[in-house]
Amino acid sequence: MTIIFDRVPTLQSITQFEPEDERQTLIKGVLNQKILVPDILSLMPAWPCELQPDVDEVNKEIDTWLSTVNVAEEKKVKHRVRGNYTLLTAMYYPHCKKDKMLALTQFLYWIFFWDDEIDTGGELTEDDEGTRRCCEETNQCIDECLGPNPNYTPPAGSRGTVEMFYPILRDLRSGLGPVATERLRRELHDYVNGVNLQQCVRRADYLPNPWYHFLIRCNDVGVIPSITQNEYAMEFELPDHIREHPAMEMIVQECTKIVILLNDVLSLQKEFRVSQLENIVLLFMNTYSMSLHDAVGKVLDLIRDHYAICEAAEKRLPWSATDEKLNADIREYIRGCQRLATGTAHWSYSCERYFKLSQLNERRELLIDLSYAALT
(Lines give C-alpha, C1' and ligand atoms only; values in the text may rest on other atoms or scores of the structure.)
Protein backbone atom coordinates (compact mmCIF):
# COMPACT_ATOMS: atom_id res chain seq x y z
CA MET A 1 0.00 0.00 0.00
CA THR A 2 1.41 3.42 -0.94
CA ILE A 3 0.54 6.36 1.30
CA ILE A 4 -0.77 9.37 -0.61
CA PHE A 5 -0.58 12.77 1.05
CA ASP A 6 -2.21 15.03 -1.55
CA ARG A 7 -5.42 15.37 0.41
CA VAL A 8 -4.11 16.15 3.87
CA PRO A 9 -6.89 17.52 6.07
CA THR A 10 -6.53 20.84 7.80
CA LEU A 11 -6.24 20.95 11.57
CA GLN A 12 -9.66 22.56 11.75
CA SER A 13 -11.34 19.60 10.01
CA ILE A 14 -9.71 16.83 11.96
CA THR A 15 -12.47 15.76 14.36
CA GLN A 16 -15.85 16.65 15.76
CA PHE A 17 -15.06 15.97 19.43
CA GLU A 18 -14.72 18.67 22.03
CA PRO A 19 -11.02 19.12 22.89
CA GLU A 20 -11.14 17.86 26.49
CA ASP A 21 -13.55 15.02 25.74
CA GLU A 22 -11.53 13.75 22.79
CA ARG A 23 -8.27 13.27 24.67
CA GLN A 24 -9.88 11.87 27.80
CA THR A 25 -12.09 9.55 25.77
CA LEU A 26 -9.07 8.19 23.93
CA ILE A 27 -7.06 7.68 27.13
CA LYS A 28 -9.94 5.95 28.90
CA GLY A 29 -10.55 3.70 25.91
CA VAL A 30 -6.92 2.56 25.78
CA LEU A 31 -6.17 2.46 29.51
CA ASN A 32 -5.09 -0.92 30.97
CA GLN A 33 -4.75 -2.62 27.59
CA LYS A 34 -1.72 -4.72 26.68
CA ILE A 35 -0.48 -6.00 23.33
CA LEU A 36 2.34 -8.32 22.27
CA VAL A 37 4.22 -6.81 19.33
CA PRO A 38 6.39 -9.04 17.09
CA ASP A 39 10.08 -8.39 16.53
CA ILE A 40 10.08 -5.37 14.23
CA LEU A 41 13.48 -6.28 12.83
CA SER A 42 11.85 -9.35 11.29
CA LEU A 43 9.89 -6.97 9.03
CA MET A 44 13.16 -5.83 7.37
CA PRO A 45 14.89 -9.18 6.81
CA ALA A 46 17.40 -8.15 4.11
CA TRP A 47 18.69 -5.02 5.83
CA PRO A 48 21.96 -4.89 7.80
CA CYS A 49 22.23 -4.70 11.57
CA GLU A 50 25.85 -4.37 12.67
CA LEU A 51 27.82 -2.74 15.49
CA GLN A 52 30.91 -0.52 15.53
CA PRO A 53 33.25 -2.17 18.09
CA ASP A 54 34.51 0.89 20.02
CA VAL A 55 31.37 1.66 22.07
CA ASP A 56 32.96 1.33 25.53
CA GLU A 57 35.98 3.49 24.66
CA VAL A 58 33.85 6.17 23.01
CA ASN A 59 31.51 6.18 26.02
CA LYS A 60 34.47 7.16 28.22
CA GLU A 61 35.13 10.11 25.93
CA ILE A 62 31.43 10.98 26.00
CA ASP A 63 31.37 10.97 29.81
CA THR A 64 34.28 13.43 29.85
CA TRP A 65 32.59 15.60 27.23
CA LEU A 66 29.22 15.59 29.03
CA SER A 67 30.85 17.13 32.11
CA THR A 68 31.60 20.23 29.98
CA VAL A 69 28.15 20.58 28.42
CA ASN A 70 25.93 23.40 29.72
CA VAL A 71 22.84 21.25 30.24
CA ALA A 72 21.17 20.38 33.55
CA GLU A 73 22.90 17.47 35.31
CA GLU A 74 19.58 15.70 35.82
CA LYS A 75 18.94 15.72 32.08
CA LYS A 76 22.46 14.49 31.29
CA VAL A 77 22.19 11.62 33.76
CA LYS A 78 18.74 10.60 32.50
CA HIS A 79 19.85 10.45 28.89
CA ARG A 80 23.17 8.75 29.64
CA VAL A 81 21.53 6.01 31.71
CA ARG A 82 18.44 5.37 29.59
CA GLY A 83 19.67 6.27 26.16
CA ASN A 84 23.24 5.08 25.52
CA TYR A 85 23.40 7.06 22.30
CA THR A 86 26.92 5.78 21.65
CA LEU A 87 25.32 2.39 21.05
CA LEU A 88 22.85 4.00 18.65
CA THR A 89 25.72 5.71 16.80
CA ALA A 90 27.57 2.39 16.58
CA MET A 91 24.51 0.81 14.95
CA TYR A 92 24.02 3.69 12.51
CA TYR A 93 27.69 3.78 11.45
CA PRO A 94 29.18 0.33 12.15
CA HIS A 95 32.12 0.69 9.72
CA CYS A 96 33.30 4.18 10.63
CA LYS A 97 36.65 4.85 12.30
CA LYS A 98 36.75 5.35 16.04
CA ASP A 99 37.86 8.99 15.69
CA LYS A 100 34.63 9.76 13.81
CA MET A 101 32.42 8.22 16.47
CA LEU A 102 32.74 11.04 19.00
CA ALA A 103 31.24 13.84 16.87
CA LEU A 104 28.51 11.52 15.54
CA THR A 105 27.57 10.49 19.08
CA GLN A 106 27.65 14.08 20.29
CA PHE A 107 25.21 14.98 17.52
CA LEU A 108 22.74 12.34 18.76
CA TYR A 109 23.06 13.61 22.34
CA TRP A 110 22.36 17.10 21.04
CA ILE A 111 19.26 16.03 19.09
CA PHE A 112 17.76 14.22 22.10
CA PHE A 113 18.64 17.05 24.53
CA TRP A 114 17.26 19.71 22.18
CA ASP A 115 14.09 17.81 21.29
CA ASP A 116 13.38 17.09 24.97
CA GLU A 117 13.13 20.81 25.67
CA ILE A 118 10.16 21.12 23.32
CA ASP A 119 8.65 17.63 23.52
CA THR A 120 5.89 16.74 26.01
CA GLY A 121 7.11 17.46 29.54
CA GLY A 122 9.97 19.73 28.44
CA GLU A 123 10.59 23.24 29.68
CA LEU A 124 9.28 24.74 26.41
CA THR A 125 6.31 22.40 25.89
CA GLU A 126 3.77 25.06 26.84
CA ASP A 127 5.88 28.06 25.82
CA ASP A 128 5.19 29.05 22.22
CA GLU A 129 7.34 32.18 22.33
CA GLY A 130 10.21 30.34 24.04
CA THR A 131 10.03 27.61 21.40
CA ARG A 132 10.07 30.18 18.61
CA ARG A 133 13.18 31.83 20.07
CA CYS A 134 14.88 28.47 20.61
CA CYS A 135 14.25 27.47 16.99
CA GLU A 136 15.41 30.88 15.79
CA GLU A 137 18.69 30.60 17.76
CA THR A 138 19.23 27.05 16.52
CA ASN A 139 18.63 28.01 12.89
CA GLN A 140 21.11 30.86 13.33
CA CYS A 141 23.67 28.38 14.70
CA ILE A 142 23.13 26.09 11.70
CA ASP A 143 23.69 28.93 9.24
CA GLU A 144 26.73 30.26 11.07
CA CYS A 145 28.41 26.87 11.26
CA LEU A 146 27.42 25.40 7.89
CA GLY A 147 26.99 28.54 5.78
CA PRO A 148 29.56 30.09 3.39
CA ASN A 149 31.31 32.16 6.12
CA PRO A 150 31.56 29.84 9.12
CA ASN A 151 31.55 31.19 12.66
CA TYR A 152 31.82 28.67 15.48
CA THR A 153 31.51 31.05 18.44
CA PRO A 154 28.05 30.98 20.04
CA PRO A 155 26.53 34.36 20.97
CA ALA A 156 26.77 35.35 24.61
CA GLY A 157 23.83 34.10 26.61
CA SER A 158 22.96 31.25 24.22
CA ARG A 159 20.87 28.46 25.73
CA GLY A 160 22.90 25.38 26.59
CA THR A 161 21.55 23.21 23.79
CA VAL A 162 22.45 25.86 21.21
CA GLU A 163 25.86 26.58 22.71
CA MET A 164 26.83 22.88 22.59
CA PHE A 165 25.79 22.60 18.94
CA TYR A 166 28.45 25.01 17.60
CA PRO A 167 31.49 22.77 18.18
CA ILE A 168 29.56 19.66 17.07
CA LEU A 169 28.73 21.25 13.72
CA ARG A 170 32.30 22.54 13.43
CA ASP A 171 33.65 19.01 13.78
CA LEU A 172 31.11 17.53 11.38
CA ARG A 173 31.83 20.21 8.78
CA SER A 174 35.54 19.42 8.94
CA GLY A 175 34.83 15.96 7.55
CA LEU A 176 32.21 16.86 4.94
CA GLY A 177 32.62 18.15 1.40
CA PRO A 178 30.89 21.35 0.29
CA VAL A 179 27.95 19.56 -1.35
CA ALA A 180 27.21 17.44 1.73
CA THR A 181 27.71 20.45 4.02
CA GLU A 182 25.05 22.46 2.20
CA ARG A 183 22.74 19.45 2.14
CA LEU A 184 23.15 19.01 5.91
CA ARG A 185 22.45 22.71 6.47
CA ARG A 186 19.13 22.50 4.63
CA GLU A 187 18.16 19.23 6.33
CA LEU A 188 18.83 20.59 9.81
CA HIS A 189 16.66 23.63 9.07
CA ASP A 190 13.88 21.26 7.98
CA TYR A 191 14.28 19.32 11.23
CA VAL A 192 14.20 22.39 13.50
CA ASN A 193 11.23 23.92 11.69
CA GLY A 194 9.44 20.56 11.73
CA VAL A 195 9.79 20.29 15.50
CA ASN A 196 8.34 23.79 15.82
CA LEU A 197 5.35 22.76 13.70
CA GLN A 198 4.89 19.54 15.66
CA GLN A 199 4.65 21.54 18.88
CA CYS A 200 1.88 23.65 17.30
CA VAL A 201 0.03 20.43 16.44
CA ARG A 202 0.41 19.10 20.00
CA ARG A 203 -0.95 22.33 21.43
CA ALA A 204 -3.91 22.49 19.06
CA ASP A 205 -7.40 21.94 20.43
CA TYR A 206 -7.83 18.67 18.52
CA LEU A 207 -5.75 15.59 17.91
CA PRO A 208 -4.41 15.45 14.35
CA ASN A 209 -5.39 13.03 11.65
CA PRO A 210 -2.78 10.20 11.57
CA TRP A 211 -1.80 10.93 7.96
CA TYR A 212 -1.14 14.60 8.76
CA HIS A 213 0.91 13.50 11.78
CA PHE A 214 2.87 11.13 9.54
CA LEU A 215 3.52 13.86 6.98
CA ILE A 216 5.00 16.42 9.39
CA ARG A 217 6.97 13.74 11.26
CA CYS A 218 8.91 13.10 8.05
CA ASN A 219 10.70 16.37 8.83
CA ASP A 220 10.81 16.52 12.62
CA VAL A 221 12.07 12.99 13.27
CA GLY A 222 15.65 14.04 12.43
CA VAL A 223 16.47 10.95 10.36
CA ILE A 224 17.62 12.65 7.15
CA PRO A 225 20.55 14.61 8.73
CA SER A 226 21.78 11.33 10.21
CA ILE A 227 21.66 9.78 6.73
CA THR A 228 23.81 12.60 5.32
CA GLN A 229 26.29 12.05 8.15
CA ASN A 230 27.14 8.70 6.55
CA GLU A 231 29.28 10.80 4.21
CA TYR A 232 31.20 12.11 7.24
CA ALA A 233 31.42 8.66 8.83
CA MET A 234 32.65 6.87 5.71
CA GLU A 235 34.62 9.72 4.13
CA PHE A 236 32.91 10.13 0.78
CA GLU A 237 30.67 12.69 -0.88
CA LEU A 238 27.66 11.65 -2.91
CA PRO A 239 27.19 13.82 -6.01
CA ASP A 240 23.97 15.81 -6.09
CA HIS A 241 22.80 14.11 -9.29
CA ILE A 242 22.89 10.78 -7.43
CA ARG A 243 21.39 12.07 -4.17
CA GLU A 244 18.61 13.87 -6.04
CA HIS A 245 17.81 10.96 -8.36
CA PRO A 246 14.13 9.97 -7.90
CA ALA A 247 15.02 6.42 -6.82
CA MET A 248 17.51 7.63 -4.19
CA GLU A 249 15.08 10.26 -2.95
CA MET A 250 12.46 7.53 -2.62
CA ILE A 251 14.83 5.33 -0.60
CA VAL A 252 15.62 8.21 1.78
CA GLN A 253 11.94 9.07 2.23
CA GLU A 254 10.80 5.46 2.63
CA CYS A 255 13.48 4.70 5.22
CA THR A 256 12.47 7.87 7.07
CA LYS A 257 8.84 6.72 7.11
CA ILE A 258 9.85 3.29 8.42
CA VAL A 259 11.80 4.90 11.28
CA ILE A 260 8.77 7.04 12.17
CA LEU A 261 6.45 4.04 12.15
CA LEU A 262 8.64 1.69 14.16
CA ASN A 263 9.50 4.43 16.63
CA ASP A 264 5.82 5.19 17.22
CA VAL A 265 5.18 1.51 17.98
CA LEU A 266 8.20 1.05 20.25
CA SER A 267 7.68 4.37 22.09
CA LEU A 268 3.90 3.90 22.45
CA GLN A 269 3.99 2.88 26.12
CA LYS A 270 6.30 5.71 27.14
CA GLU A 271 4.30 8.33 25.28
CA PHE A 272 0.92 7.10 26.46
CA ARG A 273 2.05 7.16 30.09
CA VAL A 274 2.78 10.90 29.85
CA SER A 275 -0.41 11.50 27.81
CA GLN A 276 1.52 12.31 24.64
CA LEU A 277 -1.21 11.14 22.31
CA GLU A 278 0.31 12.31 19.01
CA ASN A 279 1.41 8.77 18.20
CA ILE A 280 0.25 7.19 14.95
CA VAL A 281 -1.12 4.10 16.74
CA LEU A 282 -3.32 6.18 19.02
CA LEU A 283 -4.29 8.51 16.18
CA PHE A 284 -5.50 5.58 14.06
CA MET A 285 -7.60 4.49 17.05
CA ASN A 286 -8.98 8.00 17.51
CA THR A 287 -9.72 8.83 13.86
CA TYR A 288 -10.96 5.46 12.63
CA SER A 289 -12.33 3.92 15.86
CA MET A 290 -9.81 1.08 15.57
CA SER A 291 -8.96 -1.34 18.35
CA LEU A 292 -5.42 -1.25 19.77
CA HIS A 293 -4.72 -4.57 18.07
CA ASP A 294 -5.94 -3.34 14.67
CA ALA A 295 -4.09 -0.02 14.94
CA VAL A 296 -0.76 -1.70 15.78
CA GLY A 297 -1.39 -4.19 12.97
CA LYS A 298 -2.03 -1.32 10.57
CA VAL A 299 1.32 0.30 11.44
CA LEU A 300 3.19 -3.01 11.07
CA ASP A 301 1.58 -3.47 7.65
CA LEU A 302 2.72 0.02 6.67
CA ILE A 303 6.30 -0.87 7.66
CA ARG A 304 6.11 -3.91 5.39
CA ASP A 305 4.71 -1.79 2.55
CA HIS A 306 7.38 0.91 2.80
CA TYR A 307 10.11 -1.72 3.09
CA ALA A 308 8.90 -3.26 -0.20
CA ILE A 309 8.82 0.16 -1.91
CA CYS A 310 12.36 0.84 -0.73
CA GLU A 311 13.67 -2.52 -1.96
CA ALA A 312 12.10 -1.95 -5.39
CA ALA A 313 13.58 1.58 -5.67
CA GLU A 314 17.13 0.27 -5.23
CA LYS A 315 16.89 -1.48 -8.61
CA ARG A 316 16.18 1.84 -10.33
CA LEU A 317 19.29 3.67 -9.08
CA PRO A 318 21.70 5.16 -11.66
CA TRP A 319 24.51 2.64 -11.23
CA SER A 320 27.69 3.42 -13.17
CA ALA A 321 28.99 1.06 -15.86
CA THR A 322 32.58 2.22 -15.31
CA ASP A 323 33.01 3.93 -11.91
CA GLU A 324 33.12 1.24 -9.23
CA LYS A 325 34.09 3.78 -6.54
CA LEU A 326 30.86 5.68 -7.21
CA ASN A 327 28.91 2.43 -7.06
CA ALA A 328 30.54 1.59 -3.73
CA ASP A 329 29.56 5.02 -2.37
CA ILE A 330 25.98 4.54 -3.57
CA ARG A 331 25.83 1.14 -1.87
CA GLU A 332 27.20 2.62 1.36
CA TYR A 333 24.67 5.44 1.27
CA ILE A 334 21.80 3.00 0.77
CA ARG A 335 23.01 0.74 3.58
CA GLY A 336 23.27 3.84 5.74
CA CYS A 337 19.61 4.63 5.04
CA GLN A 338 18.63 1.09 5.94
CA ARG A 339 20.71 1.11 9.13
CA LEU A 340 18.76 4.14 10.38
CA ALA A 341 15.74 1.82 10.54
CA THR A 342 17.38 -1.37 11.80
CA GLY A 343 19.68 0.55 14.14
CA THR A 344 16.82 2.49 15.73
CA ALA A 345 14.89 -0.74 16.32
CA HIS A 346 17.88 -2.67 17.66
CA TRP A 347 18.89 0.18 19.95
CA SER A 348 15.31 0.44 21.26
CA TYR A 349 15.49 -3.26 22.16
CA SER A 350 18.87 -2.75 23.89
CA CYS A 351 18.17 0.13 26.30
CA GLU A 352 15.34 1.26 28.55
CA ARG A 353 14.39 4.59 26.99
CA TYR A 354 10.94 3.34 25.96
CA PHE A 355 10.25 0.23 28.06
CA LYS A 356 11.86 -2.21 30.50
CA LEU A 357 13.99 -4.93 28.96
CA SER A 358 12.00 -7.42 31.03
CA GLN A 359 9.06 -6.72 28.69
CA LEU A 360 10.89 -8.51 25.86
CA ASN A 361 10.76 -12.29 25.51
CA GLU A 362 13.34 -14.60 23.93
CA ARG A 363 11.81 -14.03 20.46
CA ARG A 364 12.19 -10.25 20.93
CA GLU A 365 8.42 -9.82 21.12
CA LEU A 366 7.51 -6.75 23.17
CA LEU A 367 4.64 -6.70 25.65
CA ILE A 368 3.41 -3.10 25.58
CA ASP A 369 1.56 -2.21 28.78
CA LEU A 370 -0.75 0.82 28.70
CA SER A 371 -1.70 0.50 32.34
CA TYR A 372 -1.65 4.15 33.29
CA ALA A 373 -1.68 7.65 31.90
CA ALA A 374 -2.21 11.15 33.26
CA LEU A 375 -5.64 12.42 32.28
CA THR A 376 -5.38 15.94 30.92
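N32 sits in the loop between α1 (19–30) and β1 (33–37), where helices (H or I, at least four residues) and strands (E, at least two) are DSSP runs numbered from the N terminus. The model is predicted, with local features needing pLDDT of at least 70 and side-chain atom pairs counting only at pLDDT 80 or more, while totals for chains, interfaces and linings use all residues. Residues are numbered from 1 along each chain as its sequence is written, and side-chain values use heavy atoms, leaving out hydrogens and water.

**Loop residues with positive phi**

- N32 is not a glycine, and yet its phi is positive, at about 75 degrees; N32 is also exposed, with a relative accessible area of 54% (buried means under 20%, exposed over 50% and partly exposed in between, with a 1.4 Å probe and protein chains only).
- R364, in the loop between α18 and β2 (366–370), likewise has a positive phi, near 60 degrees, in a residue other than glycine, and R364 counts as partly exposed at 28% relative accessibility.

**Helix α18**

- Helix α18 (residues 324–348) has 25 residues and spans 35 Å from its first C-alpha to its last, close to the 36 Å expected at 1.5 Å a residue, a value found as 1.5 Å times one less than the number of residues.
- α18 bends by about 30 degrees at R339, the bend being the angle between axes fitted to the seven residues ending there and the seven starting there.
- α18 is mostly covered, since 19 of its 25 residues are buried.
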